[in-house]
Amino acid sequence: MAVSVEQLADEMFAIVEESAGKRKLKAGDLQKAMAAKHGDEVSRKDVKAGIKLLIDSGRCVYGYFGGSSIELPRTEGAANE
Amino acid sequence: MADDLKIPLLEELEKGPWPSFVTDIKSVAGKSEMAADLLRQLEKSYEDKRGYWKHGGLVGVRGYGGGVIGRYSALPEEFPGVSHFHTVRVNQPSGWVYTADALNGIMDIWDEHGSGLTNMHGSTGDMVLLGTRTEELEPTFLALTQKGWDLGGSGSDMRTPSCCIGPARCEYACFDTLALTYNLTQEYQDELHRPMFNYKFKIKVSGCPNDCTAAIARSDMAIIGIWKDDIKVNQEEFAKYVDSGMDVQGIVVDMCPTSCISVDGKTIDIDDSNCVKCMHCINKMPKALAVGDEKGAAIALGAKAPIVDGALFGSIMVPFIELEEPYEELHDLIERIWEFWDEHGKARERIGEFIERVTLARFCEEVGLDPIPQMVTHPRENPYIFYEEYFAEEGEGSEE
């Protein structure tokens with residue numbers, strides 16, 4: 001693999017960071033963004049491994065509002081003290 | 001019951017002939033302020049004719065994107081007991097077979113970390129633990145996993161696969177539903193816990209066409225036991241049904257949807273080539289009739305409840321598949337379906353809606369499924385399948 005999972009994770013984190021507060025990104029959106037950037041150099045499995053790295057490290061979390069998304073950790077507006 | 005619990009509207013629900021959730025919750029309201037405030041908030045909803053829950057989309061346990069459904073009260077000062085009221089889905093054992101110890105263990109955990117209220121079981125099959133606070137989620141998860149439990153699915157992931165009790169207690173089972181469900185759960189742990197699809201994907205497994213999990217109506221992928229050969233007939237046992245005075249003609253023969261059964265005195269004859277395996281005759285005379293020996297499963301895709309579009313029933317995609325460990329053929333099919341749906345599906349589009357949009361012909365071609373007669377909705381009406389060879393020949397003819 002020409003692109004490491006760590007690099008993919010960093011690139012996807014940058015996309016999530018950029019989209020924060022504007023658009024909720026699904027795993028499929030990140031998949032397509034990486035495919036568009038790296039073409040055949042990365043597989044779906046590589047991207048999934050990158051997402052796993054982001055989630056397990058706590059840099060990103062899963063959110064849900066109608067569908068599941070990948071987001072930056074934050075305190076959501078609905079949360080009560 | 002809590003002394004100041006005034007819920008006259010909810011108490012109306014206790015007056016019918018059936019068990020009431022109000023009665024159940026009231027029974028623990030005296031020792032659980034969470035349960036008492038749950039009733040108080042619900043009573044207010046009934047009074048005001050509106051809901052008072054807020055969606056908590058970010059709560060969960062670390063690493064998992066499913067298994068926790070976040071809820072907060074919109075009136076936390078008025079009902080502090082349900083200020084946080086998150087639901088935890090616990091992956092049930094195949095066929096819902098528990099020991100009393102296992103259930104007591106779950107309840108001990110939930111009494112300590114949650115409201116003590118449960119829903120056994122949710123529509124996906126999970127054990128549903130109702131009501132806990134955000135700070136209790138990780139301790140709950142830790143306690144559950146230490147006892148060998150895991151969370152189930154929620155969100156845009158593969159939902160917890162569920163199955164009927166199968167060969168553990170049912171002679172109709174055409175394959176080991178329990179083993180297959182366990183295998184799918186273990187094989188697709190990432191798909192279960194890490195939402196990666198356009199929307200939810202439910203797999204339900206029934207051992208025979210009685211379909212005790214209602215897979216054909218409630219799952220994106222229904223795996224339903226079936227047999228290829230003939231119904232096994234025990235004429236001696238059939239004669240006993242006749243001797244017992246059973247109205248075989250009215251209860252069995254006349255009810256056969258394809259009229260493929262005939263009876264001559266104390267002898268039954270079944271035209272198996274016309275049998276649609278509805279199970280009616282076998283259910284009515286289980287000692288005389290039994291499923292065949294060449295057993296496997298049919299696979300239907302696309303059932304769903306009416307959330308985005310209307311409700312759909314599953315459509316048969318694979319009329320027969322043998323299901324033996326390690327289930328490689330089934331895994332391969334599931335993964336091809338997911339890949340195509342993942343690549344071309346829209347957000348919140350279930351597999352049934354996706355197939356309708358891209359057309360069944362294209363879906364079959366992309367996933368590598370052979371067209372079968374069951375896909376034709378009506379004879380001589382435009383079928384799903386486009387016969388390329390036929391039109392090629394017609395085109396050649398017109399040129400001449």
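In this predicted model, R336(B) has a relative accessible area of 29% and is therefore partly exposed, and D332(B), at 40% relative accessibility, likewise counts as partly exposed. Both residues belong to helix α12 of chain B, which spans residues 328-344, and they are 4 residues apart, about one turn of the helix. Salt bridges that share partners also join K52(A), D56(A), D190(B) and R194(B) into one network.

| Salt bridge | N to O distance |
|---|---|
| D332(B) and R336(B) | 3.2 Å |
| E71(A) and K24(A) | 3.1 Å |
| E135(B) and R133(B) | 2.6 Å |

The side chains of E71(A) and K24(A) meet in a salt bridge; this pair links distant parts of the chain, with E71(A) in strand β2 (residues 68-71) of chain A and K24(A) in the loop between α1 (5-19) and α2 (27-38), 47 residues apart. E71(A) counts as buried because its relative accessibility is 9%, whereas K24(A), at 43%, counts as partly exposed.

In the salt bridge of E135(B) with R133(B), E135(B) is partly exposed, with a relative accessible area of 48%, and R133(B) is partly exposed at 24%.

A polar contact of another kind involves H86(B), whose side chain is joined to that of T134(B) at 2.8 Å. H86(B) lies in the loop between β2 (68-73) and β3 (87-90) of chain B, and H86(B) counts as buried because its relative accessibility is 0%.

Definitions and conventions: Residues are numbered from 1 along each chain as its sequence is written. Chains are lettered from A and ligands numbered from 1 in the order in which they are written. This is a predicted model: local features need pLDDT of at least 70, side-chain atom pairs count only at pLDDT 80 or more; totals for chains, interfaces and linings use all residues. Side-chain values use heavy atoms; hydrogens and water are left out. Helices (H or I, at least four residues) and strands (E, at least two) are DSSP runs, numbered from the N terminus. Buried means under 20% relative accessible area, exposed over 50%, partly exposed in between (1.4 Å probe, protein chains only). A polar contact is a pair of N or O atoms within 3.5 Å; within protein, one must be able to donate a hydrogen and the other to accept it, and residues adjacent in sequence count only if both atoms are side-chain atoms. A salt bridge is a side-chain nitrogen of Lys or Arg within 4 Å of a carboxyl oxygen of Asp or Glu.
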